[in-house]
Each structure stands twice: as C-alpha cells, then as structure tokens.
Amino acid sequence: MSVVVKIPTQLRAVAGGEAEAQIDGATVREVLDGLFERHQELRVRIADDDGSLRRFVNVYVAGEDIRFLDGLATPVADGAELTILPAVAGG
Amino acid sequence: MAVSHLQCKECKAEYPLEALYVCERCFGPLEVVYDHSRTSRDLGELRRRIQGGPQNIWRYADFLPATAYGRGAPGGPPVPSGGATRLGLPAGCTPLIRADRLAARLGLREVWVKNDAANPTHSFKDRVVSVAVTRARELGFETIACASTGNLANSVAAHGAALGLDSYVFIPADLEEQKVLATGVYGTRLVGVKGNYDDVNRLCTELCAERDWAFVNINLRPYYAEGSKTLAFEIAEQLGWQLPDRCVVPIASGSLFTKIAAGFREWTELGLIDSPTRPLPRMNGAQADGCSPVASAFADGHEVCRPVKPDTIAKSLAIGNPADGPYALELARNTGGSVDAVSDDEIRAGIKLLAETTGIFTETAGGVTTAVLAKLAERGDIDPDERVVLVITGEGLKTLDAVRGSFETTTIEPTLEAFENSVAQTVSV
C-alpha cells in the first residue's frame with residue numbers, strides 16, 4: 001500500500017527538498033520507517049532514540065491526529081495522506 | 001535593544017530573529033532570547049524609563065522583541081511622543097483591582113483582579129497581537145492571519161483594520177455568535193472551519209507553509225508569546241515593584257501561563273522587583289473539565305499531555321492539544337502551584353461570583369479562573385495571608401449564552417400599584 005507523506009517545510013532540507021513522498025506501508029510506523037530509510041537524517045529530527053515521536057511532532061492520517069487513533073500502530077489505507085506537522089499553539 | 005536571537009527551548013539551537021517558530025534540528029518550539037548585559041543596572045533609571053513610557057505595553061519596550069521601534073535602537077526611528085500607539089491598538093495598562101468582597105466570600109485576605117477585559121478588543125490577546133504585528137511589519141509582511149478560538153480573531157481583525165493590513169482569520173465554524181460578529185465587523189476575511197480549534201490550527205499550520213503571511217500565533221509565535229509577559233510586568237509595577245504570592249491564570253495552550261512567569265523571572269533577575277521572598281509566585285493553572293489535558297496530566301503526575309477532544313462552554317480555552325502543556329506542568333510543579341479543572345456549572349457560578357463581588361463581567365474563561373480560585377480556597381491550598389492575583393483575560397459580553405437564564409427580570413405595567421404588587425412584595429424595598 002502506498003501512502004502520500006506530506007513533509008513540513010522545516011524538514012524539507014533533509015528530505016532532498018521534497019514536499020511529498022510516496023511511501024509503502026500498512027501502518028503509520030511502517031510508513032515512517034520507510035520515510036526514514038529514504039531520508040535517514042529525518043529520523044533523528046523527529047523521533048526519539050526509542051523510536052517514538054518527539055513530543056512536539058504531530059502526525060495526522062487523513063486529517064486526524066494519530067493520538068486519537070492507534071498511535072504509530074494506526075493502519076493506513078492505500079492512497080491515504082499522512083501529514084507531519086510541528087505542534088504549535090495559540091488561541 | 002536587548003532582544004538577541006531565537007533559541008530552541010529543547011536543544012538550545014540558535015536562529016536569527018526572523019519568522020521562524022520550529023527548530024529544524026529537533027522540532028522544538030523557538031523562543032526569543034534577550035541579552036540584558038547592556039540594560040541599565042541603575043534601578044531608579046530603569047523604573048523611570050518604564051514609568052515615563054506610553055500608557056500601553058510599549059512602556060516595556062526594553063523587554064519586548066520589536067527591534068526597529070524600540071527606545072534606543074541604533075539607527076531606528078524614535079518612538080513618537082504620546083506613546084507608540086501608531087504601532088497598533090494601545091494594548092495593556094489594564095486595571096489591577098483589589099477585590100475585598102471576593103476575598104471575603106472565599107475566606108481570603110488579599111485578592112486582586114487583573115482585568116484584561118479592559119483592552120481595545122476586550123481580551124488579553126491585544127497584548128500578544130500588538131507585539132506580533134509590530135514584528136510582522138518590521139519583517140515586511142503585508143498580510144496578517146491567525147487560527148483562533150475567538151478572542152484572537154477579534155484582535156487580529158482589529159489590528160489589521162487599525163494598521164491597514166490585509167487579514168485572514170480562521171475560526172471553528174461553531175464559535176459563539178458574539179465573537180464572530182466582533183470579528184467580521186472589522187472587515188477581515190473571516191473563514192469558519194468545520195471542526196474544532198485543533199483542526200483550525202492544523203489547517204493554518206499547513207497554510208503557513210503555502211502563503212507569505214504572518215500567522216501571528218504560528219510563524220510569528222515566538223514574538224507573539226512575548227506579549228503575555230507584559231501582564232506580569234504590569235502586575236509587578238501596579239503592586240509597587242513587588243510580586244504577588246500566587247497567580248491564578250487560565251490555560252489553553254499554556255503560553256500565557258508560562259510567559260507570565262517568564263516576565264516575573266526576567267524582572268526578578270534584573271533586580272526590578274523589591275526584595276522578592278521567592279523567585280516566582282505560586283502558579284495555579286485553570287482549565288475546564290471539558291478540555292483539561294493539562295489538569296489531567298498534572299493530577300496523573302505525567303510530564304506530557306494527552307490530547308483531548310474539547311467539549312466545554314469555555315470555548316476560548318478549548319485547545320485539546322496544548323503545545324506548551326509540558327512547560328505549564330513543569331512550572332506549576334516547580335512553584336508549588338497546581339493545574340485544576342472545573343465543570344461548566346462551576347464556570348457559570350464563577351462568572352456570577354466575580355460579577356456579584358467585583359462588578360466585573362467576564363467571559364467563560366474568566367469563569368474558569370474564578371471557579372478555580374474558589375476551589376483552591378475551599379481546598380485550603382491558599383494561606384489566608386497570601387496576596388493572590390486572579391488574571392481575568394476576557395469580557396463577558398462575548399459569551400452571553402453562559403449567563404442566559406441565570407436570573408429573572410420582573411416585567412410590570414408602568415404604575416406604582418404594579419410595582420408595589422409584584423416587586424415590593426418579593427423584595428424588601
């Protein structure tokens with residue numbers, strides 16, 4: 001299954017300048033691992049040593065925060081959009 | 001000017017003072033760093049500079065991140081006489097009111113209300129927008145924008161109008177009517193997004209990468225957040241260069257809560273505070289039960305917040321994924337404070353309590369804050385001798401639904417007989 005990963009501007013420099021990447025995977029974890037394999041520098045930027053995402057990283061599948069789904073185990077459908085964004089607040 | 005650079009709060013990487021908000025190395029948030037080594041150590045002179053400044057937040061220009069317009073900026077234009085209000089709406093210098101009747105009701109001795117509803121668009125957001133928009137203009141932006149739960153919408157739209165800048169305001173489509181009306185009237189481009197604030201925020205974070213706009217609370221966020229420090233500066237100045245013992249502050253994203261403490265800390269370190277007995281006041285955060293990710297994490301002893309889907313009448317605090325949550329938790333714990341949550345009924349009671357004892361009509365967020373103060377007092381957390389400041393961030397006229405049905409009006413014919421029969425008999429007149 002192929003997923004479109006949307007890469008935030010702050011990370012594009014270490015993703016070959018790409019704004020999007022087509023990655024295969026059945027879960028968020030598999031997709032992110034695929035992305036990290038393609039762009040190794042990305043891993044240290046947004047993931048902790050234990051493989052979990054840093055606390056200021058938000059990941060969305062079809063617009064929904066994966067923390068409301070199954071986290072990294074959230075399944076992704078073929079053609080789904082996975083968005084990585086920095087956590088920012090305001091009000 | 002003392003403003004130096006941007007720095008990642010997590011890994012301390014340094015960045016220039018541009019429209020940046022995220023660390024490229026670790027994705028942590030960026031904040032403004034100051035170098036006060038050239039700030040005067042002559043306390044008398046420093047205080048006189050502040051007191052001689054304009055009657056708005058720019059009296060604290062030495063501690064704010066606007067380079068070109070600040071006093072003493074090398075080669076920069078001077079601040080015009082009569083204050084720096086041409087930079088936008090004159091935010092700040094709101095009343096700090098001693099609330100003896102509220103204190104008596106709660107069994108406390110000294111309670112002060114910082115009434116930030118007395119800002120140009122009736123909430124504390126004018127402080128942060130004033131700073132963000134000033135910096136946005138310095139950086140050459142011609143369009144300002146925001147993701148808002150309402151109060152920020154009002155302020156961005158009004159600042160756009162005041163400064164002749166284009167503005168785009170994104171709000172949850174189901175926002176209170178009063179806040180929608182008080183935004184659209186300024187002629188902004190108002191966009192209602194089907195979803196909650198966190199959906200609006202996500203959309204705007206994506207848009208921020210696509211448009212060359214100054215989103216005040218996204219790419220201008222490091223500057224924007226600094227505006228909240230002026231609440232601390234004013235409280236300290238109004239108390240005669242002293243710190244309160246405790247502050248009760250609402251928490252949505254956690255930015256206001258942490259920046260008030262940052263303001264107190266900055267002044268204590270510079271020696272502007274008279275003989276502080278402790279480095280910071282006890283900081284108590286206030287949330288609504290229907291959106292309490294920070295209060296829940298505090299109660300559970302967690303260091304990070306689990307996001308929630310908001311469901312509360314306190315819509316201005318309805319941020320389910322608070323980015324400054326971890327810092328708010330740390331601050332509450334380090335100062336011996338807490339983060340508490342109250343129910344919608346307690347919020348309504350809080351609005352009424354503040355109104356009936358102080359004459360101040362606050363919005364639902366202020367109801368949350370007042371209700372948390374009442375809860376702390378009831379729980380015995382507050383020493384009766386403490387000097388407590390209650391930070392009221394917004395105006396009751398913006399959330400009228402919260403008080404609808406909370407009292408009765410007697411309607412009578414315009415005759416003395418009708419008055420005697422229907423009013424005088426039920427009330428001792």
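Hi everyone, let me start with a pair of strands in chain A: β1, residues 2-6, and β5, residues 81-86, run parallel and are joined by three bridges. One of the contacts to look for on your screens is V4(A), whose bridge partner in β5(A) is E81(A). Before I go further, please keep in mind that this is a predicted model.

The contact involves 21 residues of chain A and 35 residues of chain B. On the chain A side, α1 (9-12), α3 (40-46), β3 and β5 are the elements that each give two or more residues. By class, that side of chain A comes to 12 nonpolar, four polar and five charged residues.

Over to chain B, then. Chain B splits into domain 1, which is 96-122 + 228-403, and domain 2, which is 125-224. Their centres, taken over C-alpha atoms, are 24 Å apart. Where the two domains of chain B meet, 21 residues of domain 1 contact 17 residues of domain 2. The domain 1 side of that contact has eight nonpolar, nine polar and four charged residues.

Let me finish with some elements of chain B that are well covered. Helix α8, residues 229-238 of chain B, has nine of its 10 residues buried, so the rest of the structure largely encloses it. Among the buried ones are K229(B), E234(B) and E237(B). After α8(B) comes G240(B), with a positive phi near 80°.

Then there is strand β10 of chain B, residues 246-250, where five of five residues are buried. R246(B), V248(B) and P250(B) point one way, C247(B) and V249(B) the other.

What does β10(B) pair with? On the one hand, five bridges link β10(B) in parallel to β11 (residues 282-288) of chain B, with R246(B) partnered by R282(B). On the other, three bridges link β10(B), again in parallel, to β13 (residues 387-392) of chain B, where V248(B) has L390(B) as its partner. And with helix α9, residues 255-270 of chain B, β10(B) and β11(B) form a right-handed β-α-β unit.

Key. Residues numbered from 1 in each chain as written. Chains lettered and ligands numbered in written order. Predicted model: local features only at pLDDT ≥ 70, side-chain atom pairs only at ≥ 80, totals over all residues. Pairing = 2+ DSSP bridges. Helix = DSSP H or I, 4+ residues; strand = E, 2+ residues; numbered from the N terminus. Contact = placed C-beta atoms within 7 Å. Nonpolar A, V, L, I, M, F, W, Y, C, P; charged D, E, K, R; others polar. Buried ≥ 20, exposed ≤ 12 C-beta atoms within 10 Å, placed from the backbone. Domains from an automatic or database assignment. Right-handed = clockwise from strand over helix to strand, strands pointing away.
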